[in-house]
Amino acid sequence: MSLRADLRLALATAVTVSLTGGLLGLTTGTATAAAPAKAAAKPAKPAKHSADYNGDGYRDYATPNSVNGVVVTYGTATGPGTERFTFGQGSPGIPGEDRGDGDSFASALASADFNGDGYADLAVSDPGEKVGKHSARGMVVIVWGSKTGLGSKATTVNPTSSAPGQYYGKHLAAGDFSGDGKPDLAVSDNRSVHVHRGGFSSKTGATGKVSRFIAPKADLRNPLGLAAGKVTKDKVTDLYVFVAPEKTDPNKNYRWGTWFLKGGSTIKPGRPTTNSAITPSHAWGKSGVVADFDKDGYGDLAFTDPYYKKYAGSVLVVRGGKNGPVDHYRLTQNTPGIATIVTAHDHFGSSISAGDTNRDGYPDLAVGTEETVGDVSSAGGAHVLYGGKKGLTGKNSLFFTRETAGFPGDAREYERFGSGVRLTDADHDGYADLLVSSRDESGVYDGHLLGGGEGGITTEKVSKVPVTPNFPQ
């Protein structure tokens, strides 16, 4: 399953899908919850990092937690620090009803400086939220950044029409989809995708134009995930939507497709691609990243298919072109150079993340697995595949497990080490570092950070950190 689904499965109940959606409107509410992060001077320019909530120049980490809602760990020059702030719908000023452990608050997160004040903000969804008389209408909250971090003010992003079972906020993605230089917010419900244009106002609730998109194929209108990035050579963010039939027959193969929306002053939706060659085998747990793996100027979409061939797993890559997606290729453990071999239930591609680990200009891809290590079932591991002129290949790829030399501890049964992965430059040295998740005996997830460098990811610098990989890309 995807990184988001993987970690949320251990943290919260799943959200099922149902009916339709409408246009967005904004209502505002002032929060009184104060974050404990150290104060930073108010920056004069937009936030340098899309997740720098307190404006100190370092990226911060917001991760979901079914008990507390969202846990924010503030970054330092060397990576995640010790200062943390936790908030949920039970916190003062955070809209919505706190329903305890079964709540779907923080099902999806997206970070950007939505109001352009120099502090990154965090969009948080609760697709199962009851609004008025409408059960599971869903809602999205923007918690605004400030010199003390998140928690001082919140704004609710609502559909202008409501329906029970709408599940508004199933998925979120941030980017400049309209090309006006302001971050926009894409929100999916159980049938459509809404793009809410910037700029957002934390004071009045004002926002730009809102567009709603429904997949043009009547039998493929159930959004399963969003992946945002620059696919064409312009400076505008494009959007991929993973779509599936509204009703899936459990006795038949799960069919779904990728749907490309080209960004611009007028966002142009294409038609879902359902070619079996690029249609993974099951319709849940879809996650993807956009990166220019072959450095040809066009962004490529890499997305997960961990259920491929008896759950051995794979990663699909759709190359970008002038007008969007073009050709494609599949990566599996049979790809030459990849360290391990195909085995049923390995779930190769349980999660993925892109970043330049060796600073050669080509993004690389981290791929999580849940495979057996030696004779230890579901111990798990993480691959790193390098980008290059031919795109992603297995050449010189790396594989890390608990048994890798230099890594502390031993492989444990069902630990699922690497089931969640994230490439991020935690120490700000220009090299992407690898954050991997693991699960302890009580089922609690934690994170381990492996440093990147000229030779890529190594175990020379391994540290346990209070962050799991499921923060916004």
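Predicted model: local features only at pLDDT ≥ 70, side-chain atom pairs only at ≥ 80, totals over all residues.
Residues are numbered from 1 along each chain as its sequence is written, and side-chain values use heavy atoms, with hydrogens and water left out.

Helices (H or I, at least four residues) and strands (E, at least two residues) are DSSP runs numbered from the N terminus. Two strands are taken to pair if DSSP finds at least two bridges between them. An open sheet is formed by 4 strands in the order β17-β18-β19-β20, with antiparallel pairing. Its edge strands are β17 (288-291) and β20 (324-331), each of which pairs on one side only. Strands of a sheet pair through backbone hydrogen bonds, either parallel or antiparallel. Within this sheet, β18 (residues 300-305) and β19 (residues 314-321) pair in the antiparallel sense over 5 bridges.

The structure holds 8 salt bridges, a salt bridge being a side-chain nitrogen of Lys or Arg within 4 Å of a carboxyl oxygen of Asp or Glu. One of them joins D305 and R330, whose closest N and O atoms are 3.2 Å apart. Because D305 lies in strand β18 and R330 in strand β20, this pair ties together parts that are 25 residues apart in sequence. Relative accessible area is used to class residues as buried (under 20%), exposed (over 50%) or partly exposed (in between), with a 1.4 Å probe and protein chains only. By this criterion D305 is buried, at 0% relative accessibility, and R330 is partly exposed, at 23%. A salt bridge is also formed between D327 and R319, with the closest N and O atoms 3.3 Å apart; D327 is partly exposed, with a relative accessible area of 39%. The side chains of E415 and R412 likewise meet in a salt bridge, at 3.3 Å from N to O. Here E415 is buried at 1% relative accessibility, while R412 is partly exposed at 24%. A network of salt bridges links R402, R412 and E415.

In soluble globular proteins, nonpolar side chains tend to be buried together. A nonpolar core is defined as a set of buried Ala, Val, Leu, Ile, Met, Phe, Trp, Tyr and Cys residues joined through side-chain atoms within 4.5 Å. The largest such core has 21 residues, and those with the most contacts inside it are Y53, V70, V72, F87, L122, V124 and L150. At least two residues of this core are supplied by each of β3 (69-76), β4 (79-87), β6 (121-126) and β7 (139-143). A second, separate core of 16 residues includes F293, V317, I338 and L385. For V70, the contacts (heavy atoms within 4.5 Å) include F85, F87, F105, L109, L122 and V124, not counting residues up to four places away in sequence.

Burial is also found in a loop. F177 is placed in the loop between β9 (171-175) and β10 (184-188), and F177 is buried, with a relative accessible area of 2%. Among the residues that F177 touches are V195, A228, V236, L239 and I267, not counting residues up to four places away in sequence. F177 and A228 are 51 residues apart in sequence and 8.8 Å apart in space, C-alpha to C-alpha.

Several backbone features complete the description. The peptide bond from G198 to G199 is cis, with omega near 0 degrees; G199 is placed in the loop between β11 (193-196) and β12 (210-213). A positive phi, near 50 degrees, is found at K309, a residue other than glycine. K309 is part of helix α2 (residues 308-311) and is exposed, with a relative accessible area of 59%. R416, also a residue other than glycine, has a positive phi near 55 degrees. R416 lies in the loop between β24 (398-400) and β25 (421-424) and counts as buried, at 11% relative accessibility.
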